[in-house]
Amino acid sequence: MTTTTQKPPIWFWIISIIALIWNAMGVMAYLGQAFLTEEAIAAMPPEQQEIYSIDFPAWYTAAFAIAVFAGFGACILLLLRKKLANIFFIVSFIAVIVQSIYTFFMSPISDKMSGFDTSMSISIPIIAILLIVFSNKGIAKGWLK
């Protein structure tokens, strides 16, 4: 049985590159938080210091890492036109949901989030879902092999 792949349209590449940039920003946010020093926290405004003084549970930090690195890997696989990108996007989405549960329902600062923080926290799972849909479409159209 042979499978043929179709040449994706230019908008496939544009969306894939934008998705890669989006997920790269997530990786940078994770690394920035993971390697944040006490001196850097001390230089922040008091509201931000309060956020970074929280001892996040290990499962939350793991979910954050899985979400961003799986999403970034999925984008690389997307650019390589591999079907495996879809599985990575699904893993990333599950980790995003775990992370969002903590952010909205368990975090001691969930009631102190700014409008921007709330908007970002809502947009992240929405974009994760859209990337799953996008990769499904790529598979259905024969763009991914």
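Reader: Given that rings of Phe, Tyr and Trp (for Trp, its six-membered ring) pair if their centres lie within 6.5 Å, with planes under 30 degrees apart counting as stacked, over 60 as edge-to-face and the rest as tilted, which residues do ring pairs link into a cluster?
Author: This is a predicted model, in which local features need pLDDT of at least 70 and side-chain atom pairs count only at pLDDT 80 or more, while totals for chains, interfaces and linings use all residues. Residues are numbered from 1 along each chain as its sequence is written, and side-chain values use heavy atoms, with hydrogens and water left out. By the ring-pair rule the count comes to 12 aromatic pairs. The cluster that ring pairs link consists of Tyr30, Phe56, Trp59, Tyr60, Phe64, Phe69 and Tyr102.

Reader: Which pattern does the protein follow when read along the sequence?
Author: Helices (H or I, at least four residues) and strands (E, at least two) are taken as DSSP runs and numbered from the N terminus. By this assignment the protein has 6 helices and 0 strands, and its C-alpha atoms fill a box of roughly 60 × 25 × 25 Å, taken along the principal axes. Read along the sequence, the pattern is α-α-α-α-α-α.

Reader: What percentage of the 145 residues of the protein counts as buried?
Author: Buried means under 20% relative accessible area, exposed means over 50%, and partly exposed lies in between, using a 1.4 Å probe and protein chains only. Of the 145 residues, the share that counts as buried is 35%.

Reader: How many residues apart in sequence are the parts that the pair of tryptophan 11 and phenylalanine 134 ties together?
Author: Tryptophan 11 and phenylalanine 134 form a tilted aromatic pair, at 6.2 Å centre to centre and with 55° between the planes. Tryptophan 11 lies in helix α1 (residues 10-34) and phenylalanine 134 in helix α6 (residues 115-140), so the pair joins parts whose separation in sequence is 123 residues.

Reader: What is the angle between the planes of tyrosine 30 and phenylalanine 64?
Author: Tyrosine 30 and phenylalanine 64 form an edge-to-face aromatic pair, 5.2 Å centre to centre, with an angle between the planes of 90°. Tyrosine 30 lies in helix α1 and phenylalanine 64 in helix α4 (residues 58-79), so this pair ties together parts that are 34 residues apart in sequence. Both tyrosine 30 and phenylalanine 64 are buried, and the angle between their planes is 90°.

Reader: Which residues does phenylalanine 89 touch, not counting residues up to four places away in sequence?
Author: Contact means heavy atoms within 4.5 Å. With residues up to four places away in sequence left out, phenylalanine 89 touches Gly71, Ala74, Cys75, Leu78, Leu131, Ile132 and Ser135.

Reader: With which residues is leucine 79 in contact, leaving aside its neighbours within four places in sequence?
Author: Leucine 79 is found in helix α4 and is partly exposed, with a relative accessible area of 24%. Leaving aside neighbours within four places in sequence, leucine 79 is in contact with Trp13, Ser16, Ile17 and Leu20.

Reader: Which residues does glutamine 99 touch, not counting residues up to four places away in sequence?
Author: Glutamine 99 has its place in helix α5, and at 14% relative accessibility it counts as buried. Not counting residues up to four places away in sequence, glutamine 99 touches Tyr60, Ala63, Phe64 and Ala67.
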